[in-house]
Structure formats: structure tokens, C-alpha cells
Amino acid sequence: MILTVTTTPYEGQKPGTSGLRKKVPIFQQPNYAENFIQSIFDALEGFAGQTLVIGGDGRYYNAQVIQIALRMAAANGFGRVMVGQNGLLSTPAASHLIRKYRAFGGIILSASHNPGGPDGDFGIKYNAGNGGPAPEKLTDAIFARTKVIRSYRITNTPDVDLSRLGETKIGNMTVEVVDPVADYAELMQTLFDFDAIRDLIRSGFTMKFDAMGAITGPYAHSILEGILGFPAGTVMNGTPLPDFGGHHPDPNLVHAKDLVDIVMPPGGPDFGAASDGDGDRNLIIGRGMYVTPSDSLAILAANAPLTPGYAQGLLGIARSMPTSAAADRVAEKLGIPAYETPTGWKFFGNLLDAGKATMCGEESFGTGSSHVREKDGLWAVLMWLNILARRRQSVAEIVHAHWREYGRNYYSRHDYEEVDAEAANGLMQALREKLPALVGQHGIVMADDFAYDDPVDGSRTVAQGIRLIFEDGSRIVYRLSGTGTAGATLRVYIERYEPDASRQDIETQAALGPLITLSRQIAEIEQRTGRAEPSVIT
């Protein structure tokens with residue numbers, strides 16, 4: 001039943017911050033997925049007879065690779081696999097299953113917020129036994145193995161029927177097809193006051209949730225419309241589709257425009273939210289009010305004691321370096337540590353596991369806490385609902401009250417997508433070379449290439465983004481993203497702190513105007529990339 005298949009290595013199977021992501025046609029090459037999955041198993045030790053969690057976001061090619069992964073897990077000696085019904089499992093739900101059932105780890109098939117379909121993106125990543133993304137030591141070992149792999153192991157068994165709940169066998173390995181929503185929904189009810197949210201709904205509160213044709217549709221239908229009792233139709237685009245129904249499942253103001261157009265105008269619903277391809281990101285808006293991810297993290301942290309799961313307070317708050325410093329101001333007032341880490345959720349895992357932080361967030365629409373080891377889109381939505389239920393104020397009122405108390409961090413991210421990789425790397429190298437000369441110019445008091453010393457394991461991570469910090473606390477940050485599949489994405493982050501409540505209602509791009517101009521001049525963006533304007537502004 002177990003076959004050993006000869007293969008040859010593929011170049012470029014290096015996992016990024018969230019696994020290996022490539023275009024679907026690349027993954028469809030003979031043995032491409034098999035090579036990477038076998039390299040994962042070859043980099044692991046001690047999993048014989050153990051449990052593996054497998055699931056994906058339902059994107060194109062998900063069904064085929066899940067069957068491959070199941071047969072390879074059996075051939076490599078796993079004793080049990082838990083797989084979501086129809087192969088579906090959100091990334092945070094997969095993290096929860098790994099933790100709840102003490103699985104050895106998990107394989108998640110997703111390219112997150114990237115587009116799907118035959119010409120879209122696909123991805124494979126491994127999550128460790130803590131439920132979080134594989135640490136760099138492991139992803140380095142996986143990549144090293146991909147460069148020398150000569151064979152993989154797989155059974156010659158037929159496909160497993162993933163539409164039926166229950167257990168079946170592949171050789172000696174048990175395959176358990178599980179409800180992808182049930183355990184996650186149970187966890188959410190331990191963290192949040194569902195009765196208070198139901199009272200809010202009965203008072204006439206309305207919301208709209210856009211699942212963007214992706215994985216959170218079944219979760220939102222079950223939890224929002226089913227358990228909580230929002231009316232049918234609250235969830236839009238709620239059926240996971242291989243091409244996400246043509247949507248780009250990235251919950252920002254550009255790609256979630258349909259939701260924004262419904263919620264933002266006068267007379268719209270009280271609250272709007274969206275999640276992405278694999279369910280780990282979130283967009284939060286209220287009638288007439290967009291909440292930036294950085295502000296959302298700060299507001300959730302400041303109001304955490306209003307929710308049952310966080311009634312005892314927070315141990316600490318962690319944010320990625322490009323994320324605004326809004327959460328730092330909350331941590332300072334609460335008297336708890338604030339941590340600034342590189343981008344990539346795996347860096348939060350050590351802090352969460354060590355009990356140094358309870359809540360974490362990234363400016364790229366990701367927020368989460370110690371309940372799992374991934375960011376979690378629907379968790380953030382439910383926490384907002386719990387806070388709205390307890391405070392009985394609008395989203396706009398809560399945001400403005402927060403700004404009055406803590407000050408406002410005007411903040412925006414400018415993305416230059418699919419830039420020529422050589423040009424993008426040249427731009428970053430030129431910036432690094434001019435860092436010493438920038439100090440003292442334009443009010444810049446510090447200019448560096450961010451490096452992180454992990455307070456838990458002592459590891460050092462370098463070259464994580466260029467920071468220009470000004471004497472008034474303003475920042476410009478430059479990073480190349482590791483989550484795209486074509487060219488390079490240059491991300492430029494611009495931030496200005498405003499403590500004066502009378503100056504906290506300026507339009508964001510206007511408030512940041514001088515810094516935006518300066519950010520383009522210093523990096524010579526147009527000259528080096530040919531781009532006069534960013535592709536996306538959030």
C-alpha cells in the first residue's frame with residue numbers, strides 16, 4: 001500500500017512568513033506539492049502514531065492536495081488525522097483543534113488573503129504543536145530538505161469521502177472527518193458574553209458580515225445567524241468557493257468595497273465586518289467610521305475586561321513593528337508590557353506561550369489573543385460585538401472616546417504591488433546605505449533596519465524593515481512583503497501622533513500629507529520603481 005516515489009527537487013520552495021505560496025499552475029507541476037509535504041515530514045521528528053490536523057480554505061486545488069496530504073500522512077506513519085468536513089477549516093479553527101486535541105501539528109492549505117482560482121494562488125504551511133506557524137528553525141529545515149529531496153512516500157489508496165462526518169481508515173491511520181465549526185464556536189462562547197450580544201440584537205442593533213466567498217462563511221452563518229440570532233441575510237458571500245466568487249478575499253476598504261458601501265452611509269447597519277480567505281484577518285467598520293487595524297487592537301485591549309474571557313486583564317500586548325504605536329499607549333496606561341516584533345504571527349507565539357502577552361495585532365488586518373496561536377478574524381468581530389453590547393455606544397463614539405483618552409495615531413499603509421523584484425531590492429538597499437546620513441534631516445532622530453531580540457528564546461531576527469523615527473514620534477517604515485506570489489510588494493507605513501482632541505478629525509491622508517510626500521522623496525520610489533502612486537492605500 002505504501003509507495004516510495006522517486007522525485008527531483010524544485011527550486012524556490014522556501015516558505016515565507018506564512019508557508020509556501022505560489023501560483024496554482026506551479027503547484028500543479030508533477031510532484032511539486034508532494035515534494036514540499038514530504039520535506040515537512042522529513043524535517044519533523046517523533047510523530048509516529050501521533051495526530052495531525054489538516055484543512056484548508058476551500059480555494060482552487062484545495063480538494064486535490066488534501067487527498068495527497070492524507071495519503072502521505074498515512075505513508076509516513078501518523079496514527080490519526082483530523083480533517084475538516086469537505087476539506088474546510090479556517091486557520092484559527094485549525095490552530096484551536098491542534099491545541100484542544102493535543103495534535104502533533106497541522107497542515108493548512110491556504111494562500112490567506114490572496115486571490116484563488118485556476119490562475120490564482122495556493123499555499124501550504126505547517127503549524128506546530130502549540131497551534132502556531134512553524135518557527136524559523138523548522139521552516140529553514142524544511143527548505144533545506146526541499147533542495148535535496150529524492151523521494152516521497154504515499155499510499156495507493158482511493159480518495160477519502162470528506163463530505164461525511166465520522167471515521168475511516170487509510171491503512172493503519174484513522175481519518176476523522178470533523179465539523180469545522182463546532183469546536184471553534186464552543187470556544188468563542190467561553191470568551192464572549194453571547195447573552196449580552198443577543199440583548200443588543202433584540203434592541204434593534206444591525207450588522208453586515210462579508211465572508212468574501214471564503215472560509216468564514218460557514219462559521220459566520222453558524223455563530224452570527226445561528227447561535228446569536230442575527231437575521232438571515234446578515235452574512236453576505238457566505239459560501240466558500242474555489243475562486244472566492246471572483247472576490248479578492250482581502251478585507252480592506254478596496255476589496256471589501258461592497259460591504260463599505262452598505263455600512264458607511266447614513267442609514268446603513270450599525271456595524272460591519274469582513275474576513276479573508278482563511279479566516280485570520282478582519283475588517284471593522286461602523287456607520288460612518290472605518291477602524292484601522294492598529295486602532296482596533298488598541299481599543300480591544302483597552303476594553304478587554306468587558307468580556308468574560310479577558311475579565312482578569314491582559315498580561316501584555318504585542319504588535320508587529322509596522323503597526324502603529326496606539327496599543328503601546330494602552331499598555332502604558334494599564335501598566336503592562338508592550339512588545340514590538342517583526343511581521344509574522346510566529347513571532348507572537350513565543351510571547352503567548354511564555355505568558356508574556358495576551359493580545360497581539362498586526363496592521364495587516366490581523367488581531368488575536370492567547371486563545372489560539374494564529375490571528376483570528378471572527379474572534380475580533382465577536383469581541384467588538386461584546387464591547388458594543390456592554391458600552392451601548394456606536395462604533396464611532398467608541399473610537400472617538402478612545403482618541404480623546406489616548407490620543408490619535410494617524411496611520412496609513414501604501415502598497416506598491418508586483419514591483420520588479422530587482423528594483424524593489426535596490427530601493428531597500430539604497431535606503432540602508434543612506435540611514436546614517438538621514439539622522440538630523442527632516443526632524444529624523446533615529447533611522448535603522450529593525451532587528452528583534454526575542455525575550456523568550458534569545459534569538460535575533462534582523463533586516464525586518466527600515467524605520468525612520470521623527471522627534472515628534474512620527475514614523476515612516478519601509479518593508480518588502482513576503483506574502484505575495486508575483487514580483488515584490490513594497491509597503492510604506494506612515495504614522496503621526498496627535499494628542500490634541502481638536503485636531504483628531506482631519507482626513508487621514510491630509511493629516512499625513514507632508515510625511516507621505518517625504519516618504520516618496522527619501523526612498524526615490526517613482527524613480528526606482530516607475531510607480532507614481534501606490535496600488536492600494538489603507
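Strand β9 has 5 of its 6 residues buried, so it is largely enclosed by the rest of the structure; buried here means under 20% relative accessible area, against over 50% for exposed and partly exposed in between, with a 1.4 Å probe and protein chains only. The model is a predicted one, in which local features need pLDDT of at least 70, side-chain atom pairs count only at pLDDT 80 or more, and totals for chains, interfaces and linings use all residues. Residues are numbered from 1 along each chain as its sequence is written, and side-chain values use heavy atoms, with hydrogens and water left out. Helices (H or I, at least four residues) and strands (E, at least two) are DSSP runs numbered from the N terminus.

β9 belongs to an open sheet of 7 strands with mixed pairing, in the order β2-β6-β5-β3-β4-β9-β8; strands pair if DSSP finds at least two bridges between them. At the edges are β2 (20-23) and β8 (166-170), each with a single partner strand, so one side of each has no neighbour in the sheet. From one strand to the next, the twist averages 20°. Axes are lines fitted to C-alpha atoms (for helices, over the stretch in contact), and angles run from 0 to 180 degrees between N-to-C directions.

As for its partners, β9 (residues 173-178) runs antiparallel to β8, joined by 5 bridges. Along this pairing, I170 is partnered with M173 of β9, and G166 with V177 of β9. The two strands make a hairpin with 2 residues between them, and G171 in the turn has a positive phi of about 60°. With β4, β9 runs parallel, again through 5 bridges; here M82 has E176 of β9 as its bridge partner.

Helix α3 (residues 62-75) touches β3 (51-56), β4 (80-88), β5 (105-109), β6 (121-127), β8 and β9, and its direction makes about 170° with that of β3; touching, or contact, means heavy atoms within 4.5 Å. Helix α4 (residues 91-100) lies across β3, β4, β5, β6 and β9 and runs at about 165° to β5.

A second open sheet has 6 strands in the order β20-β23-β24-β25-β19-β26, paired antiparallel. Its edge strands, β20 (444-449) and β26 (536-537), each pair on one side only. Inside it, β23 (residues 466-470) and β24 (residues 475-480) pair in the antiparallel sense over 4 bridges, with R467 opposite V477 of β24.

Now for the helix pairs. Two packed helices are described by the angle between their axes and the distance between the axes. The axes of α7 (residues 194-202) and α13 (residues 377-391) come within 9 Å and cross at roughly 65°. The two are therefore roughly perpendicular, a label for 65 to 115 degrees, with under 35 counted as roughly parallel, over 145 as roughly antiparallel and the rest as oblique. F194, A196, I197 and L200 of α7 meet L382, L385, N386, L388 and A389 of α13. By class, this contact has 8 nonpolar, 1 polar and no charged residues; Ala, Val, Leu, Ile, Met, Phe, Trp, Tyr, Cys and Pro count as nonpolar, Asp, Glu, Lys and Arg as charged, and the others, Gly among them, as polar.

Helices α11 (residues 326-334) and α14 (residues 395-406) pack at about 65°, with axes 11 Å apart. R329, V330 and K333 of α11 meet H402, E405 and Y406 of α14, giving 2 nonpolar, 1 polar and 3 charged residues.
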